[in-house]
Amino acid sequence: MSEAARTGAVPARKASPGSVRRAFQPWNDPAAKPLVSFRNVVKRFGNVTAVDDLSLSLYPREFFALLGPSGCGKTTLMRMLAGFETPDAGEILLDGVDITKVPPHRRPINMMFQSYALFPHLSVADNVAYGLRREGLPKPEITRRVEEMLALVKLDGLGKRRPDQLSGGQRQRVALARSLAKRPKLLLLDEPMAALDRKLREATQFELMDLQSELGLTFMVVTHDQDEAMTMADRMAVMSHGKLVQIGPPDVIYEAPATRYVAEFVGDINIIEGRVASVAGDLVTVESATAGTVELDEEAPSLKPGEAIFVGLRPEKITLSHDEPGQGVNKVAGEIWDIGYLGDFTMVQVMVGGEGGQLLKVALANRTRRIARPFAWEDKVWLSWDVEAGLVLPP
Amino acid sequence: MSGRGATARRLVVALPYLWLMLFFLAPFAIVLRIALSEVASAVPPYQPHFEGFSKLGEFLSGLDLGNFKTLLDDVLSGDSLYGASYLYSLRIAALTTLFALLIGYPLAYAMAVAPKRWQGALLVFVVLPFWTSFLIRVYAWMGILGPEGPLDKLLMGLGLTDEPLRLLNTEAAVLIGMVYSYLPFMVLPLFASLQKFDRSLLEAAADLGATPLTAFLTVTLPLSLPGILAGAALVFIPCVSEFVIPDLLGGPDTLMIGGVIWNEVFSNRDWPLASAIAIALLVVLVLPLVLLQRARVARERAA
Amino acid sequence: MKRLGPGLILALVFGFAFLYLPILVLVAYSFNASRLVAVWGGFSTHWYGALMGNEALLDAAWTSLRLALVSATAATALGTLAALALTRYGAFRGRTLFSGMVLAPLVMPEVITGLSLLLLFIALDVERGFWTIAAAHATFGLGFACIVVQSRLMGFDRSLEEAAQDLGATPFVTFWTVTLPLIWPAIAAAWMLAFALSLDDLVVATFAGGSGAATLPIRLYSAVKRGVTPEINAACTIMIVTAAVVVISASLLMKREQLSDR
C-alpha cells in the first residue's frame, strides 16, 4: 500500500523532492534553533495520561507529521500548542519564549481544524478575513490579503459564497486560506485530509507541500494515516500512549523502525521470532522455528548469541519462486495459503515451517496485465530475501 | 483566564441565579412558611407576620401545623372537600391524558408518515392554536357547548338528539376543553418520536412474518413509548392544577384543586390554608415526576 | 414515502377539524349581526366597531403588549445567560440548585407560582401592578427561554469558537462575532415563546398584579364570566388572525432562509 502511494508520488512532483529534502536536516544541526520546543510536557484528563513527559523540538520551515492511532495523545499535543489545553507539567517554548500560559488568541500559531470549523454565518471572504480583522488591519489591506489568499488556494471569485455552498474540497481550501492568512509562525493541521475522498486527498497532499515550501512556513500535521504522513513530512513522529516512540524522516521510520510497535504501525511487516545464533561483524545469524536460519546485515549490532529477538521483514522485500533459489540469500520453503489480488499488487500468504508454522506475507508487484497468475493456491513455493532486507527488532 | 473573563463568567451565572433566588426560591420558602401559619383577620391575613430579617428567629418560632392537620382531617372525614377535589383533579387529568393520547396518536402518526414536504406545514398548524390565546380557545367552546349553541343545533338538526344536550357546565364540557387545549402538548412529542422512527423496521417485521397490526403493536408502539410518556407528562401535570377550564366550562360539581386554591386566596382569604393545599398538591405532582425522571435516566443509561 | 391510507387521512382530517372548528365558529360569530348566539342575524362588522369604542379592553390590550415586551426581553436575556452557564461552565458551585430553579417553573402549577409570588410581594410590602406582573412573567419565561437556547448551545460546534480564538479573537470578541450570531435564531424563538406566554397568562397575572394592572386576559376573563358577548368574539378574532399571520409568516421566513442557505 505505502509503496504504491510512494511510487505514484514521484511523477507528480515538479522536481525530485528527495534531493531537496535530504539536504534539509536542521534536527541534525546542533547550531539550529528550534521554533517550538516541548519540554517534559505532561497532560492528564482525570486518571488518563494523554501526554506523558514528552519532549520534542520542531525547526523553522519543517513539515512535521505526528502519526498515531486515535487516543494516543497526538490531538492533545497539538491542542496544547494551539493553547486550547494547558499542560499539567513541563513547558512549551516558541522561539525560545515560554508560551505555556499564553491564551490561544495571543499565539502566533494558527490551526486548521479537522471539521474545518468554518463560520457558517460568514461568507468565504469574511471567514478568511476574520483573523486579519482581529489584528485591526486597514480595510484595503484586508481585502488585498483575502484575495491573495483565495488565489493561493485557487478559490478566486468564490469569496461571496457561504461555506455550505461549497464542496468538501473547497471547504478545506477555505479553512487552509483562513489559517494561513495571518502568516502564522507555525500552522497546525488536524487530520487535514480526513474528510476528502482518496483521489482528492492525493492531489491535495502535494499542493500542501508546494504551498509550505513556497511560503517558507512551518507545518505540523496530525494524522492517523501513515500514507499522508510519509508523503508530506520532512520528519515524522510515531506516538503511542502519550509518548513519542520514534522521530525521524519517513524512510528511516519505515526502513529502520526502532520498535516492533513502529514497524507494525507503519506499513505491513512479517515478524519472525528467533534467537541470535552468531554475530560476525555486521552479519547476524538468527535461528527461528518457522523460517529456519535467517541472516541479517545489521549496522553495529550489540547482540549476543542466545538472545531472543524479532526479525522484521517487509512483504515487498520477499521474492517468490517455484524453483529453489541459489546461494547467497535467505530462503525458506512454504505453501501458498491465500492470494489477495489488490490491483497494483498481489498479497500472497505463504505458510512456512510446515503445518502450524507461520504465515508470511509476500507482496508481488503486478508488472503485466496478464490475468493468469504464475502462482496458485496450495503451490509449493520458495521465499527468498536479501541479507539487507530483514531487520532486528528488540523484543 | 484573565481577570475580566472571570468577572464576566461570574456575572453570567450571578444574574439569573439572583433573579431566581428572589422570584422563585424566596416565594417558595414563604409559601412553605405561611402554610405553617395561622389565618388572621388582618392585612396580610396570616399570623405571625414577617417583619424584616432582624426578627427572623421570632418569626420562625411561631410555626403551626394546624393547616396540614385541617387538610388531613378533611381528607380522612367521609364528606371531604379537599380530598375530593384532589381526587377529582387527578381523575380529570388522567381522562384528559387518555383522550388526548387516543386523538393525538393517530394524528401524530399520520403527520409522521405524511410526505416530507407537508410535514412542516402540518406541524405549524398543530402549533398555531397554541399561539392564540388560551382563554379564547376555552371561550370558543363556551359558545359551542352553550345552551342553543351550534353543537346542540347541529345534533338536533341532524335528528341525532331530540333536545339540547346542555353540555356546558358539566364534566363532559371540562374534558372537551381540557383535551382541546392540551392536545398539541401530546401531539408534538409523539410526532417527534414517530418521525425519527426508521420505517425499514416495519419492512423487517413484515419480512419476518408480522401482519401490519402485529408490526405496529410489537415495533412501532414500543419504540414510540418515550414520546407517549413525554406527551402524557406534558398533558397530565398542568391538567391536575388547571383552573381556567373547569372554572369557565365546568359547573358546581367540577371543583378542581386549582379552583380550590383560587377560592381560598380570593374568596375565603385563608392564605395559610391555600399554601398548605399548594404544598400538598406539589407533593402529589412531584412523585410521578420523580418516577418519570428515574425511568428516563434508566433508559438513557441502557441506551 | 408511502402514500397515506384512508385511515390516516381520516385521522388528519378529524384531528385538524377538532383543533380548528371551534376557532372558525368563533370567527364566524364575530360577524353575526345578532347579539344572540343562537340566531344568525346576517353578516355585520358592527361588533368590530363596538370593540374599537371599548376603551377598557383597548387599554388592557396595550398593557398586555407592553408587559409581554418587557417580560419577554428580560426572560430571554436571563434565560440566555442561564443557558450559557448551564452548558458552558461545567460544574460550578450551586449548579444543581441553579438548574433546579431554572427548570422548576416549567412544571410548577400556575396557581402555585401565582400564590407564591403574591405572598412574596405582600411580604416585601411591594405595591402590586405592572412591574410585579412583569417580574412574575420574566421568571417563568426564563425557564422556557433557557430550554430553547440551551438546546441550540448543546448542538453548537465548539471548534468554531476555538477557531475564532485561534485567529486572534478574545473570548469576548468570540462571543460577539461567532457564538451570538449562531445562537441568534434560538434567542429569537425564545423571545417569541416568552412573549406569547406572557400575553396568554391569566392566573399568575391575577395573583401577582392584584387590582393594580388589568391585562387583556384579566379583562377578557371577567367579561367572559359575565356571559358571551359578540364584542369579545371580535376581539378574539383579531387576536387569532394576528397570531396566525405572525406564526405563518415566521415559519415561511425560516423555511426560505433554510432554502437560500443551501
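Mentor: In this predicted model, seven residues of domain 1 of chain A are in contact with nine residues of domain 2 of chain A, where contact requires C-beta atoms, placed from the backbone, to lie within 7 Å. On the domain 1 side, the elements giving two or more residues are α1 (2-9) and α10 (260-265) of chain A; helices here are DSSP runs of H or I with at least four residues, numbered from the N terminus. The largest share, three residues, comes from α10(A). By class, this side has three nonpolar, one polar and three charged residues; Ala, Val, Leu, Ile, Met, Phe, Trp, Tyr, Cys and Pro count as nonpolar, Asp, Glu, Lys and Arg as charged, and the others, Gly among them, as polar.

The domain assignment, automatic or from a database, gives domain 1 as 2-108 + 184-264 and domain 2 as 268-393.

Turning to the cores, the largest nonpolar core has 167 residues, and I277(B) and L115(C) have the most contacts inside it. Such a core is a set of buried Ala, Val, Leu, Ile, Met, Phe, Trp, Tyr and Cys residues joined through C-beta atoms within 7 Å, buried meaning that 20 or more other C-beta atoms lie within 10 Å of a residue's own. Helix α8 (residues 171-196) of chain B gives the most to this core, 16 residues. A second, separate core of 104 residues includes I142(A) and I309(A).

Residues are numbered from 1 along each chain as its sequence is written, with chains lettered from A and ligands numbered from 1 in written order. In this predicted model, local features need pLDDT of at least 70 and side-chain atom pairs count only at pLDDT 80 or more, whereas totals for chains, interfaces and linings use all residues.

Notes: Contact = placed C-beta atoms within 7 Å. Buried ≥ 20, exposed ≤ 12 C-beta atoms within 10 Å, placed from the backbone.
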